[in-house]
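Have the structure open as you read.

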Amino acid sequence: MSNIPPVTSPVITPSAPGHAEGVSNDEFRAAMSRLASGVVLVTAQEPPLDPDDPRAPAGEDVGMTATAFVSVSLDPPLVLISLREGSRMDDLLAEQPLWAVSVLSESQRHIAGRFAMKGRVSDRLLFQDLGYVRGGHTGAPLVDGALATLECRTEQRVPAGDHTLVIGRVLAARTPSADAGPLTYFRGRYRHLG
């Protein structure tokens, strides 16, 4: 007889139903809130309601605040934005490949908050008193006073859990406002470096 105890497999108990990996939504959200990120405004223009009729009304501008935006590649220049599956922007970019990003400055917290509201008013009202120019490549709004603006064309859409990762080729990049600091998002709040 041996004095060696039998080998048993450890019992893994998930901390929340539906997450066999052992992490709950709240634990994951709390951990990721410790990652500071930049804040951008993603914009696109809906196509006209009837593209064959030059008198048909143009589509509305659409915008959303995002913190999941990263550079992917230098050659070719690619960026990635993560969109909640089924959101208005996700649906729009599934049919409209042209979009833009304005990297918000620390003085543009109000813009970030405006376009991040849940149950918000129409996009037309959100853009109404906002200073912007239209991108020459995309027609999408580029916010006045942004630290940088990028115009993009979708290269690839990748389903990822409850989000869609949209990889875009950068068609134009500008840095119109180099003096201000960036707006960041950390622990569930907009902040500035300082």
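## A three-way network

Glu46, Glu60 and Arg88 are joined in a network of salt bridges. A salt bridge here is a side-chain nitrogen of Lys or Arg within 4 Å of a carboxyl oxygen of Asp or Glu. Side chains of opposite charge can pair when their charged atoms come close.

Take the link from Glu46 to Arg88: their side chains meet at 2.8 Å, N to O. Glu46 sits in the loop between strand 2 (40–45) and strand 3 (61–66), while Arg88 belongs to helix 2 (residues 88–95), so this pair ties together parts that are 42 residues apart in sequence. Then there's the salt bridge between Arg88 and Glu60, at 3.6 Å, N to O. Glu60 is in the loop between strand 2 and strand 3 and Arg88 is in helix 2, so here the parts being tied together are 28 residues apart in sequence. (Helices, H or I with at least four residues, and strands, E with at least two, are DSSP runs numbered from the N terminus.)

## How this model is read

This is a predicted model, where local features need pLDDT of at least 70, side-chain atom pairs count only at pLDDT 80 or more, and totals for chains, interfaces and linings use all residues. Residues are numbered from 1 along each chain as its sequence is written, and side-chain values use heavy atoms, leaving out hydrogens and water.

## In or out?

How exposed are Glu46 and Arg88? Glu46 is partly exposed, at 24% relative accessibility, and Arg88 is partly exposed too, with a relative accessible area of 36%. The cut-offs go like this: buried is under 20% relative accessible area, exposed is over 50%, and partly exposed is in between (1.4 Å probe, protein chains only).

## Another salt bridge

By the salt-bridge rule, the count comes to 8. One of them joins the side chains of Arg174 and Glu151, at 3.4 Å, N to O. This pair links distant parts of the chain, with Arg174 in strand 10 (residues 163–174) and Glu151 in strand 9 (residues 148–160), 23 residues apart. Arg174 counts as partly exposed at 40% relative accessibility, whereas Glu151 is buried at 0%.

## A look at Ser82

Ser82 has its place in strand 5 (residues 78–84). Is Ser82 buried or exposed? At 17% relative accessibility, Ser82 counts as buried.

Which residues does Ser82 touch? Not counting residues up to four places away in sequence, Ser82 touches Ala68, His163, Thr164 and Leu165. Contact means heavy atoms within 4.5 Å.
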